[in-house]
Amino acid sequence: MEDGLKQSLLRGLTSSPKYIPTWYNYDDVGSELQYQCTTDIPDYYLCKSDRSLLEHRIQDIIPRLPYDVALVDLGSGNCSKTRLVIDELLSRQETVKFFPVDISEEFLLKSVKDLSKEYDESLVITPIAANYEQGIERLKQVEGPKIILWFDSIINQSYDDQVNTLRVISTMMTEKCRLVFSADVTVDREAVLNAYDDDAGVMQRFISYAMTRLNKDTGSEINLDRFTYEVDFVSNHDPQAMSYVTAYIRANEQTRWPIPGLGIDLSMEKGECLYFHEGAGFSCKYTLEQLGTIVEKAGLRLVGSVSAGQRHAAFCICTAS
Ligand SMILES: C[S@@+](CC[C@H](N)C(=O)[O-])C[C@H]1O[C@@H](n2cnc3c(N)ncnc32)[C@H](O)[C@@H]1O
């Protein structure tokens, strides 16, 4: 196992409370499970809302600039929504240089293969299989104006990491660049829980995949039947905070599992929880005021936002300050 990954897992599993970071869910299997959440959960609204806004208001979402731009997509996933942006840019300029960045290498390469077939020479793709920081370091060497997308991904970081990643993104932005990120502005508890606690357990399969991957990566045999899976929504309207989903497993009894690949035992008291995210929660939800505060803390300027009111997705358009 790569040393950075091992250190992150060790940090999470030995801290109090114990956790596995959300990004660990994203290998080729986990990325596919996440995609199933967007297609198979009838009440999973975020992706549908993003898509609908992109289909109907792309002129407002993707800034029209008086020069050709390269397109960067951070956490590009299967690029399904990105296609709408690529089509829009190709209606404005002859070719587009495209830099998708994703931590999930196999999934990234598969998406790139599909895109290459579809777009031929009009789309010049340079895939970057890396985490955000490493990807942005490489992108700093790419000169010229860029539109940087970060769709549905800020929501899965802790508050401090959201500010920090935005700050890192700003280091590759000149005054000719724009950042467009999407976030969830749903505050209705029932809507959120219907999406994240679906009856068929599709979301649970994706979220608890972190344990399956841990067993696979480290040779451990942690049995999920000895735990109860729980999910909740925590609402917070403080402008300096955000609302979020929390998901965790609770030990049904005192339990101890060797994790050979990490050289530790996972010991849990009866009732103790192991969280599937770092920090208070994941899949964060915001008011527009809260989003503005985060952007400002990162030293960027929010110059516009597009949403369908106080429900579901909002696209935020930012410039380097
Ligand atoms: C929720 S999905 C969003 C995918 C796509 N942008 C969309 O809107 O459909 C998050 C994506 O970010 C990637 N990802 C998660 N953490 C990452 C990190 N630290 N660095 C780079 N990519 C990451 C995942 O592999 C996944 O493809």
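I count two residues as in contact if their C-beta atoms, placed from the backbone, lie within 7 Å. I take domain bounds from an automatic or database domain assignment.

**Ground rules.** The model is predicted; local features need pLDDT of at least 70, side-chain atom pairs count only at pLDDT 80 or more, and totals for chains, interfaces and linings use all residues. Residues are numbered from 1 along each chain as its sequence is written.

**Whole chain.** I looked up the secondary structure and got 11 helices and 15 strands. These are DSSP runs numbered from the N terminus, helices being H or I with at least four residues and strands E with at least two. The radius of gyration, taken over C-alpha atoms, is 20 Å. The globule rule, 2.2 Å times the number of residues to the power 0.38, gives 20 Å for 321 residues, so the chain is as compact as a globular protein of that length. The C-alpha trace spans about 65 × 40 × 35 Å along its principal axes. I then checked burial. A residue is buried if 20 or more other C-beta atoms, placed from the backbone, lie within 10 Å of its own, exposed if 12 or fewer, and partly exposed in between. Buried residues make up 42% of the 321 residues. Of the contacts with a separation of 6 or more, 74% are between residues 24 or more positions apart.

**Two domains.** Domain 1 takes 3-42 + 189-284, and domain 2 takes 46-187 + 287-320. Their C-alpha centres lie 26 Å apart. I found 22 residues of domain 1 in contact with 18 residues of domain 2. On the domain 1 side, helix H2 (28-40), helix H8 (189-196) and strand E13 (282-285) each give two or more residues. H2 gives the most, with 4 residues. That side has 10 nonpolar, 9 polar and 3 charged residues. Here Ala, Val, Leu, Ile, Met, Phe, Trp, Tyr, Cys and Pro count as nonpolar, Asp, Glu, Lys and Arg as charged, and the others, Gly among them, as polar.

Of the 17 residues around the ligand, Trp-23, Tyr-26, Gly-75, Gly-77 and Phe-151 come nearest. H2 and strand E3 (96-102) each give two or more residues to this shell. By class, the shell has 6 nonpolar, 8 polar and 3 charged residues.

**Cores.** A nonpolar core is a set of buried Ala, Val, Leu, Ile, Met, Phe, Trp, Tyr and Cys residues joined through C-beta atoms within 7 Å. The largest has 87 residues, of which Leu-71, Val-72, Ile-148 and Ala-183 touch the most other members. Domain 1 and domain 2 both give residues to this core, so it lies between them. Another core, of 5 residues, lies apart from it and includes Cys-79 and Leu-108. Beyond four places in sequence, Ala-183 touches Ile-154, Ile-155, Tyr-286, Leu-291, Ala-314 and Cys-316.

**Helix H10 (209-218).** I find Tyr-209, Ala-210, Met-211, Leu-214 and Thr-218 buried here. Their cover includes H2, helix H9 (202-207) and strand E10 (255-259). Gly-219 follows H10, with a positive phi near 75°.

**Phe-227.** This residue is in strand E8 (227-234). Phe-227 counts as buried because 21 C-beta neighbours lie inside 10 Å. Arg-250 is 23 residues away in sequence, yet 5.2 Å away in space, C-alpha to C-alpha.

Methods
Near = placed C-beta within 6 Å.
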